[in-house]
Amino acid sequence: MATKKKTVPTAPLKVLFVSSEVEGLVKTGGLADVAKSLPAALKLMGHDVRIVMPFYKTVTGREQAVSLLSTELYVEPQPAAVGYQVMQLASGDVPVYALDAPQYFDRPELYAENNQAYPDNGERFAFLSAAALDMCEKVDFQPDIIHCNDWHTGLVPFLLKTRYAQSDFFANTKSVITVHNAVFKGIFNYDQYRLIPELIQHRYINAEIDPSHISMLKAGVAYADKVNAVSPNYASEMLTHLGSHGMEADFQNRIRDLYGIVNGCDYGDWNPETDPYIKQKFKANKVSLARGKKACKKDLQQQVGLPVVDLPVYGMVCRLTEQKGIHYLIPILKDFLVNEVQVVIVGTGDPALASALRQISEAHADKFAFVEAYSNPLAHCITAGADFFMMPSEFEPCGLNQMYSLAYGTLPVVRAVGGLIDTVIDYDDKPHVATGFIFSDPTPEALLIKLQRSLLLYSQKPQEFKRLQQNAMACQFSWQESAQQYLEMYLDGDMLPSVTSTESASGV
Ligand SMILES: Nc1ncnc2c1ncn2[C@@H]1O[C@H](COP(=O)(O)OP(=O)(O)O[C@H]2O[C@H](CO)[C@@H](O)[C@H](O)[C@H]2O)[C@@H](O)[C@H]1O
């Protein structure tokens with residue numbers, strides 16, 4: 001895998017960050033959190049960072065957005081052109097170019113309705129990639145780096161190396177792609193690529209799944225100048241068949257340009273001392289923590305309709321998918337609820353998983369609350385009011401909620417995969433520095449054993465439990481540190497002019 005040197009750019013960089021969602025504007029998952037926090041951290045370092053995203057119908061602040069430009073994406077050799085506007089929004093101090101093409105983005109949801117993906121998702125996100133490049137010269141922003149994220153933006157690196165290969169404007173522009181989740185590959189047949197005729201004129205084996213399908217993620221990984229995973233451990237897993245979801249050859253081909261950079265935790269949003277959503281703000285000191293937890297737990301119990309009693313509470317906030325390990329929890333949940341505990345889950349997604357959780361909550365209404373909703377306020381209340389946070393993920397490229405829960409002294413119970421290994425320290429492995437609990441086997445039984453283990457600590461060794469809470473709250477996953485690693489990736493090799501110092505950076 002790529003190694004790092006300590007480098008600084010000779011001038012502030014111009015970075016165009018392309019993402020299909022951005023926290024604060026529109027969000028379905030963790031990609032949005034990163035697309036808010038990483039550009040902000042790079043901006044704080046003095047770089048000129050701008051974000052490009054779709055102008056969805058549901059974007060916050062849509063009414064106030066100003067139109068910067070009305071233009072067309074002209075697709076040669078077809079006579080067709082797609083009209084679009086570039087709308088100006090902001091994510092904190094970072095300018096956002098939101099691409100308004102109503103035929104693609106003026107819909108109730110981002111990707112799917114009633115659990116059915118929009119049938120033209122390929123064309124929609126091919127448009128995002130093509131228009132993100134098309135608008136640069138028109139808005140007079142000449143990026144040094146175009147930072148792509150996941151499959152939605154995977155055609156940007158491809159187009160830079162094909163459509164724009166001879167472009168003077170992009171002659172010094174490099175691209176990177178961050179893989180937040182390789183399970184989503186953006187595979188579409190050629191009907192969806194009418195805006196990318198290059199794909200139809202030639203065969204690009206590197207981007208193909210089979211002779212009739214292209215994967216946008218594969219294209220991004222093959223053609224970006226650098227590729228990174230959202231944690232060092234996920235970068236290693238991506239070199240294996242299981243960990244890469246069948247893309248190991250694609251990542252192995254890029255091993256010299258492959259990085260693993262752990263996500264940060266946005267302590268501006270996730271901080272018990274300042275969190276506006278929680279009943280009582282608290283600090284890490286024992287008195288404040290005990291008071292704050294007690295008030296937040298009571299508030300959580302009231303909000304979700306559980307009895308207000310002094311019991312350990314286990315929380316979970318997630319998309320309901322097998323990735324998050326709900327299918328390990330469902331078979332053992334009733335067994336776990338035999339204990340004096342309460343469990344609260346908030347999530348939306350797979351109807352079968354939701355229905356199974358609903359049934360259990362109906363049968364155990366005094367101990368288990370399932371809230372089928374997407375609710376940021378409730379996510380904060382669970383993070384603050386629970387004693388433990390469950391993430392028994394089948395796979396987890398990085399995971400953010402375990403970092404959020406650590407900040408609130410809520411001990412994570414996680415499976416030993418992806419970024420969860422990079423961010424949680426297991427009590428049974430390293431008791432002195434432990435911050436939570438880790439189990440390995442992908443089975444309900446292994447999860448149950450670890451849950452029981454954590455419960456034992458809570459009920460039989462309260463002082464030890466409190467010590468772990470202090471360890472957890474002392475963790476710092478700074479976005480500034482992660483942003484520095486991204487900067488070093490941007491500058492590594494012959495990417496851009498930079499100065500290399502002899503000091504070595506912490507290894508990835
Ligand atoms: N019902 C609900 N109500 C309120 N909030 C909810 C919610 N369901 C989810 N969320 C929020 O969405 C975010 C999920 O973040 P994750 O990192 O856990 O997952 P995700 O799998 O979406 O992201 C992918 O990208 C991220 C970013 O790189 C990786 O960390 C991760 O491993 C990878 O799978 C969190 O902010 C969480 O609070």
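**Close-up views of a predicted model**

**View 1. Glycine 61 in its loop.** Glycine 61 sits in the loop that joins β3 (48-54) to β4 (66-74); helices (H or I, at least four residues) and strands (E, at least two) are DSSP runs, numbered from the N terminus. The model is predicted: local features need pLDDT of at least 70 and side-chain atom pairs count only at pLDDT 80 or more, while totals for chains, interfaces and linings use all residues. Residues are numbered from 1 along each chain as its sequence is written, and side-chain values use heavy atoms, with hydrogens and water left out. With a relative accessible area of 27%, glycine 61 is partly exposed; buried means under 20% relative accessible area, exposed over 50%, and partly exposed in between (1.4 Å probe, protein chains only). Its C-alpha atom is separated by 9.2 Å from that of alanine 90, 29 residues apart along the chain.

**View 2. Aspartate 93 in a loop.** Aspartate 93 is found between β5 (81-91) and β6 (94-100), in the loop. Its relative accessibility is 66%, so aspartate 93 counts as exposed. Aspartate 93 and proline 397 are 304 residues apart in sequence, and their C-alpha atoms are 28 Å apart in space.

**View 3. Serine 175 in strand β10.** Serine 175 belongs to strand β10 (residues 174-179). Serine 175 is buried, at a relative accessible area of 1%. Neighbours within four places in sequence aside, serine 175 is in contact (heavy atoms within 4.5 Å) with Ile146, Pro157, Leu160, Tyr223, Ala224, Asp225 and Lys226.

**View 4. The salt bridge of lysine 226 and aspartate 257.** A salt bridge is a side-chain nitrogen of Lys or Arg within 4 Å of a carboxyl oxygen of Asp or Glu. By this rule the count comes to 22 salt bridges. In one of them, the side chains of lysine 226 and aspartate 257 meet at 3.3 Å, N to O. Lysine 226 is in strand β14 (residues 226-229) and aspartate 257 in the loop between α9 (248-253) and β15, so the pair ties together parts that are 31 residues apart in sequence. Lysine 226 is buried, with a relative accessible area of 6%, and aspartate 257 is partly exposed, at 21%.

**View 5. The salt bridge of lysine 36 and aspartate 269.** The side chains of lysine 36 and aspartate 269 form a salt bridge of 2.7 Å, N to O. The pair links distant parts of the chain, 233 residues apart: lysine 36 is in helix α1 (residues 30-44), and aspartate 269 is in the loop between β15 (258-260) and α10. Lysine 36 counts as partly exposed at 22% relative accessibility. Aspartate 269 is partly exposed, with a relative accessible area of 24%.

**View 6. The salt bridge of lysine 324 and glutamate 396.** Here the side chains of lysine 324 and glutamate 396 meet in a salt bridge of 3.0 Å, N to O. Lysine 324 lies in the loop between β16 (313-320) and α11 (326-336) and glutamate 396 in the loop between β19 (388-391) and α14 (401-407), so the pair ties together parts that are 72 residues apart in sequence. Lysine 324 and glutamate 396 are buried.

**View 7. Helix α11 against helix α16.** In α11, 8 of its 11 residues are buried. These are Ile326, His327, Tyr328, Leu329, Ile330, Ile332, Leu333 and Phe336. α11 packs on helix α16 (residues 444-460) at an angle of about 50°, with the axes 8 Å apart; axes are lines fitted to C-alpha atoms, for helices over the stretch in contact, and angles run from 0 to 180 degrees between N-to-C directions. The two helices are therefore oblique to each other, since angles under 35 degrees count as roughly parallel, over 145 as roughly antiparallel, 65 to 115 as roughly perpendicular and the rest as oblique. From α11, His327, Tyr328, Leu329, Pro331, Ile332, Asp335 and Phe336 meet Pro444, Glu445, Leu447, Leu448, Leu451, Gln452 and Leu455 of α16.

**View 8. Helix α10 against helix α13.** Helix α10 (residues 286-304) and helix α13 (residues 376-385) pack at about 135°, with their axes 8 Å apart. α10 and α13 are therefore oblique to each other. The contact includes Lys293, Cys296 and Leu300 of α10, and Leu378, Cys381 and Ile382 of α13.
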